[in-house]
Each structure stands twice: as structure tokens, then as C-alpha cells.
Amino acid sequence: MKRKTIVMTLEWALAVLLVFLFFSDGPFTIGSGSAAEAHERSERSYHYGPSQTIKEIQYRNDIVIFLSTYKNWFSADTSVKKGWRWFPGGGVGGVEIDKSKAVSYSWEISRYKKERWIAKFYGYVSDPRITSVVLNMDVINEGKQTDSKDDTQKMTVLKQSITEDRMFLFLWNEAEIRYTWKSLQGLDSEGNVLYEQTLN
Amino acid sequence: MIRVKLAATIIRRIIIIVFAILLLPRILTLIPDNRGDKENIKALEKDGPVVKYDIHQSMLLDQDRFTVNEIYSTPKQVVLRYTYRPKGTAGWSLPENAFKLYDSSGNELRYSGSSSSGTPWGSTGFINYSALIEPTTSMRLVYDWYDRNIELTFPIQKEGEEQ
């Protein structure tokens, strides 16, 4: 009877230890408890930042993008939820803001899960007169149902207003819709094109 | 009472088995794999005579410790073997091409490639540079990465064995 009690106690201790190791932070842990924590850890281990987050963009319930600046760089770091933990998802490194240009931009396409290719086209607007940015694109196809959609709808634009934070992000899922990028434009409040960069 | 005890035993053992299985992949990644290191060093002999310099000096990259273990100099290249121990849980791997190496006259040795193997505890690896153009008494390693500019200067003394 006494031996049985010892074995039982040891087994309970082992069970508690394993559960503790699984959930605690340490070499046995993977991921972070929140998107913001994953983002902070991502930057720390990349020796970049800590950046100042300007906007937090939530995509569905498992992707958070942190539009940030740090000194003369901007970034769109991404945290991804897998299971119930958050992981770094790319885009951690900053891109230099070119002050000689009205707009500095960058893009990244990463695959998350089977059918999701998240495309991020983001940037920083240096010219204070620009109040909106426009990404002109042609639609290649709209997901799987690429049948007889009328050809007149092929050209499309993504537009975003620029506020004091000076940053923008166009976000879409390449698995749902694919584009060829035509140009990026920066417009003033009257709609005059102050900046234009042809893409492709 | 016996039933309660039996149920407790079953629950306890299920917890042990399930969590042991869940933790197993993480434990497996903790086993270091340095098999390639010796082969890499051996392969340097193809270049000609190899001179080994023991350095064993560290610098902190933010909070993460980077140690220069040895420098190998061959007629064709200079190879730096390092150990990297990041603080906290694993993150991004090291950008090896951010390490710039200079001889005592200030000539930069050109980065030509790198290899590494890692565990969640850290990693060990090799960074390859172009060969020394003249004999040097010391080297300066600079981690030039965004606004980080971290330096380590170490003497190059021939106390290692010549092969």
C-alpha cells in the first residue's frame, strides 16, 4: 500500500511537470501568448527596433500586421496564430525611408496555411502634400471561379488615405484574387498626381 | 472509492502519455547536431596549409552572445567559426552577411558565404571571407546591422598548430 502511494505521487508529479513544461516559457515552449508579444520577440531576435507601432491591422482572426517605424526605417511585421500560440510571420526587417522620394514602398507575399497567400504592399509617404495613395492593378483572376467575367472590369485600383502617421498598407489574399501591378501613385487633396512609380 | 482511484490513475497516465508525446518533438530539436563541423574544418585542407588561431572572445548583440571560437586561414580564404547563444526562446537566425571583417591595416575581407546549424539554445556556424592579402596581427569584426554597430577586436597570434 505504501509503495503504491509513492508511485502514485511520483506519477502525479510527472504529470504536473509535463503539463508545466508544455505551457511555461522556456526552451520547451514555442510561440508567444499574444500577437504583440510575438512581434516584440521577433524584432528583438532580429536585432531591429524596438519600433513604434503606428497601426495594427488584424486580418481574419489569426494574422496581425504591425505597421511601424524605427528611426529611418519602416516595417510591416506580421504575427501569425497557429493553434493557440502566436508566431513571427515575416516582414520584421525595416526598409529605409528614402527622403529624396515622395513615397518609399516595399512588398512581401507569404504563404500562411494551405490556401492563403497574403500579399502586403506597404510604404511610407514623405511628401506632406500627398493625401492618398493609389495602387493601379489588372486583375488576372478572381480565385478559382475564373469564368466569363466581363473584361471591362479587369482594371482595378486600391486606394488609401494618408493621415498624419504617413503609412499605408494594401492587403489581399493572392489565393482569392491575383493582380498584375501597374503603378503606384501619390495624390494630393485635389486629385493631382504628385508621385508616380510604374511597377513591373 | 476504488472507482475514483481507478479513474484518477487513468487520467494521470493519459496526461503523462499525451504531454510526453506533445513535448517529444521539442525535446528532439534540443539535441545538438555538430556532425558537420569537423568535416567542414577538414575540408579546408583542400585549399592548402591551414593555420588555426584560437580566439574565444565574445560580444553582445543586444542581449545575444556571439562568440568567435577560431579563425582558420588558408591560401584561399579566411573562415571564422562562431557560437551564437540568443537570450530567451528561439527567434530569427543570425544575418551572417552583416558581419564585416577587417585586418590590422583596415583592409576588408570580403564576405563569401556562411553555414550554420542550430538548436533552440543557439547555433554554431562558419562565416567565410576572402583570404588575407598581407600578414596581420589582429582582426576587427563589426556587426553592421540597421543601427547596430558592434565591434570586437582580437589578436591574431600563432599559437594554434600549423598543419
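Colleague: Before that, what kind of model is it?

Modeller: It's a predicted model.

Colleague: Okay. How is chain A divided into domains?

Modeller: Chain A has domain 1, covering 1–28, and domain 2, covering 31–198. Taken over C-alpha atoms, the centres of domain 1 of chain A and domain 2 of chain A are separated by 46 Å.

Colleague: And what does the domain assignment give for chain B?

Modeller: For chain B we get domain 1 at 1–31 and domain 2 at 35–155. There the C-alpha centres of domain 1 and domain 2 of chain B are 44 Å apart.

Colleague: Switching to charges. How many salt bridges turn up over all chains?

Modeller: The search of the whole structure comes back with 19. One of them pairs A:E176 with A:R60, and the closest N and O atoms there are 2.9 Å apart. That pair ties together distant parts of the chain, 116 residues apart: A:E176 sits in the loop between β10 (167–173) and β11 (178–187) of chain A, and A:R60 in the loop between β1 (52–59) and β2 (63–70) of chain A.

Colleague: How accessible are A:E176 and A:R60?

Modeller: A:E176 has 41% relative accessibility, so it counts as partly exposed. A:R60 is partly exposed too, at 45%.

Colleague: What about chain B, which residue does B:K42 bridge to?

Modeller: B:K42 forms a salt bridge with B:E45, with the closest N and O atoms 3.9 Å apart. B:K42 counts as exposed because its relative accessibility is 56%, while B:E45, at 37%, counts as partly exposed.

Colleague: And what does B:E151 pair with?

Modeller: B:E151 forms a salt bridge with B:R140, closest N and O atoms 3.2 Å apart. B:E151 is partly exposed at 42%, and B:R140 is partly exposed at 29%.

Colleague: Which residues are joined into one network by salt bridges that share partners?

Modeller: A:K71, B:D62, B:D147 and B:R148.

Colleague: Tell me more about B:D147. Where is it?

Modeller: B:D147 is in the loop between β8 and β9 of chain B. With a relative accessible area of 26%, B:D147 is partly exposed.

Colleague: What is B:D147 in contact with, leaving aside neighbours within four places in sequence?

Modeller: A:Y70, A:K71 and A:W73. The side chain of B:D147 makes a polar contact with the side chain of A:Y70 at 2.3 Å, and another with the side chain of A:K71 at 2.8 Å.

Colleague: Last topic, the sheet in chain A. In what order do β6, β7 and β10 come?

Modeller: The order is β6-β7-β10, an open sheet of three strands with antiparallel pairing. β6 (103–112) and β10 of chain A stand at the edges with a single partner strand each, so one side of each has no neighbour in the sheet. From one strand to the next, the twist averages 15°.

Colleague: How many bridges join β6(A) to β7?

Modeller: Ten, between β6(A) and strand β7 (residues 116–125) of chain A, running antiparallel. As an example, A:V103 has A:V125 in β7(A) as its bridge partner.

Key. Residues are numbered from 1 along each chain as its sequence is written. Chains are lettered from A and ligands numbered from 1 in the order in which they are written. This is a predicted model: local features need pLDDT of at least 70, side-chain atom pairs count only at pLDDT 80 or more; totals for chains, interfaces and linings use all residues. Side-chain values use heavy atoms; hydrogens and water are left out. Domain bounds come from an automatic or database domain assignment. A salt bridge is a side-chain nitrogen of Lys or Arg within 4 Å of a carboxyl oxygen of Asp or Glu. Helices (H or I, at least four residues) and strands (E, at least two) are DSSP runs, numbered from the N terminus. Buried means under 20% relative accessible area, exposed over 50%, partly exposed in between (1.4 Å probe, protein chains only). Contact means heavy atoms within 4.5 Å. A polar contact is a pair of N or O atoms within 3.5 Å; within protein, one must be able to donate a hydrogen and the other to accept it, and residues adjacent in sequence count only if both atoms are side-chain atoms. Two strands pair if DSSP finds at least two bridges between them. Axes are lines fitted to C-alpha atoms, for helices over the stretch in contact, and angles run from 0 to 180 degrees between N-to-C directions.
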